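Student: Please show me how to read a few features of a model that is new to me. I would like the general idea before each case.

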Amino acid sequence: MENSEARSSQRVRVAVSIRPDDGTDCISVFHGEPLPQVQIGSKSFTFDYVYGGSTGSPASALYKDCVSPLVDALFDGRNATVIAYGQTGSGKTYTMGTNYSGKGSNVGVIPKVMEDIFQRVEVMKDSREFVIRVSFIEVLTNKVYDLLDPNLHARVSLQIREIDGGTTVAGVIEAEVRTEEEMATNLSNGSHSRATGSTDMNDQSSGSHAIFTITMEQKNFAHNEDIGDDIICAKLLLVDLAGKGTSINEDLLALGKVISDLGGKRKRKEICHIPYRDRKLTHLLQDSLGGNSKTVMIACVRPANANRKETLSTLKYANHARNIQNKAAVLPQKTKKASMSTKRCIDCREKDSEIRDLKEKVLKLEMDKAELIHSLNVSKKRRMATDGDLNNEGHKNDLRNQGYRSSSRSEDMDTSESEYLDDSDDDDWPQQLLHCSSCSKNSSCKTMRCTCHASGCSCGALCACLPSKCANRS
């Protein structure tokens with residue numbers, strides 16, 4: 001068991017996980033004392049643990065050696081972090097278990113952590129009260145998104161804030177879980193929402209960095225007044241870094257600079273500026289690298305000669321991380337008065353969540369408004385078209401009524417009036433045969449008073465020309 005000083009101040013531990021691969025290995029493992037070494041070409045690196053490959057320790061021992069002590073730290077009230085790093089296709093997501101798909105697929109660090117935590121909670125439930133929450137975020141194109149947000153199509157980028165000396169994501173969903181199954185459901189749902197992409201090495205390569213956070217609050221049952229209502233709170237961050245992409249490369253370069261500066265700071269023993277805020281990823285990992293956290297980095301590599309360049313780069317990266325010094329101190333216990341700061345933080349997250357919900361409602365209302373305006377415009381056009389048809393029909397009815405009145409007048413005309421309709425107008429009107437709908441005979445309509453001819457219709461269509469009194473037939 002480590003003493004309290006060693007546990008409160010220690011460097012980042014680094015393990016190398018070698019993926020099984022066909023072909024000739026470009027790396028060799030030597031189990032030296034006290035630590036194993038990895039050699040690639042003329043370069044040799046010393047690490048805390050080496051797993052897999054033809055000469056490394058069994059991969060099954062990784063959890064017991066590297067991760068189980070971090071779960072111990074979580075229950076002791078210390079923050080802890082596991083970071084998986086490596087080129088695309090090197091087995092980071094498989095090692096971490098971020099692609100969890102349900103019961104039975106418990107391969108990887110995160111499924112084993114879930115099982116371990118709730119087994120310990122079951123043992124301690126008679127002496128401690130636990131509140132466990134989980135959050136799941138991804139960093140994509142230098143923006144932070146909530147993988148537990150059910151509104152995937154309307155999700156918004158979240159902001160990082162610093163509260164009480166630590167970093168937190170404003171507005172992120174922290175789901176309270178009471179069983180291993182509930183925690184696994186949140187992991188599975190978030191995994192399905194994560195961005196993926198195809199690369200030369202992997203058809204389903206992770207397209208974003210993923211951080212699954214387990215927050216634990218615990219309180220001893222008060223058997224006497226001296227214990228009080230103190231609450232211990234700590235977090236375990238499980239980080240799966242993506243391995244390829246333009247924005248991803250920028251994140252990894254920024255992370256490499258932070259690691260290099262932190263490692264160089266220890267060697268030079270001087271204070272220097274660490275560029276945590278250059279990228280969202282490094283800002284989120286500020287506590288994990290050089291801060292208040294017990295951290296393990298798992299460097300995943302492929303040993304094939306075809307991956308020699310990427311493997312060497314990963315090993316150099318991991319070797320720098322071994323020089324980072326962290327201070328994993330037990331966080332101050334929270335009394336009722338001290339918990340006011342936490343309450344303000346929770347209120348702040350609730351307000352951010354409320355603002356996000358309001359933004360989504362405003363967006364929905366704007367979409368509904370646009371759809372309503374479109375419907376009104378369509379209805380208006382249809383109404384105008386209908387009114388036009390009615391006007392045309394009304395005009396025809398007016399003409400038809402005029403024809404009936406003209407016919408009535410023609411019936412009252414005497415012979416002298418009929419004589420007015422002589423053949424003197426023949427030259428003024430074209431002689432064309434029209435069909436009289438009343439008398440069913442062809443007629444040559446010559447009368448200016450004839451409504452049918454004036455409107456271009458057959459005689460009788462509008463003037464009600466009768467067979468017995470058709471003055472327009474020749």
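Tutor: Start with burial: a residue is buried under 20% relative accessible area, exposed over 50%, and partly exposed in between (1.4 Å probe, protein chains only). Tyr51, at 1% relative accessibility, therefore counts as buried, while Tyr49, at 26%, counts as partly exposed. The model is predicted: local features need pLDDT of at least 70 and side-chain atom pairs 80 or more, while totals for chains, interfaces and linings use all residues. Residues are numbered from 1 along each chain as its sequence is written, and side-chain values use heavy atoms, without hydrogens and water.

Student: How is a pair of aromatic rings described?

Tutor: By the distance of the centres and the angle of the planes. Rings of Phe, Tyr and Trp (its six-membered ring) pair if their centres lie within 6.5 Å; planes under 30 degrees apart are stacked, over 60 edge-to-face, and the rest tilted. The whole structure has five aromatic pairs. In one of them, Phe45 and Phe47 have ring centres 6.3 Å apart and planes at 35°, so this pair is tilted. Phe45 is buried at 8% relative accessibility, and Phe47 is buried at 0%. Tyr49 and Tyr51 form a stacked pair, with 6.1 Å between centres and 20° between planes.

Student: In what order do the strands of the open sheet lie?

Tutor: Strands are DSSP runs (E, at least two residues), numbered from the N terminus, and two strands pair if DSSP finds at least two bridges between them. Here the order is β3-β4-β5, with antiparallel pairing. β3 (27-30) and β5 (43-46) are the edge strands, each pairing on one side only. Four bridges join β4 (residues 37-40) to β5, and Gln39 has Ser44 of β5 as its bridge partner.
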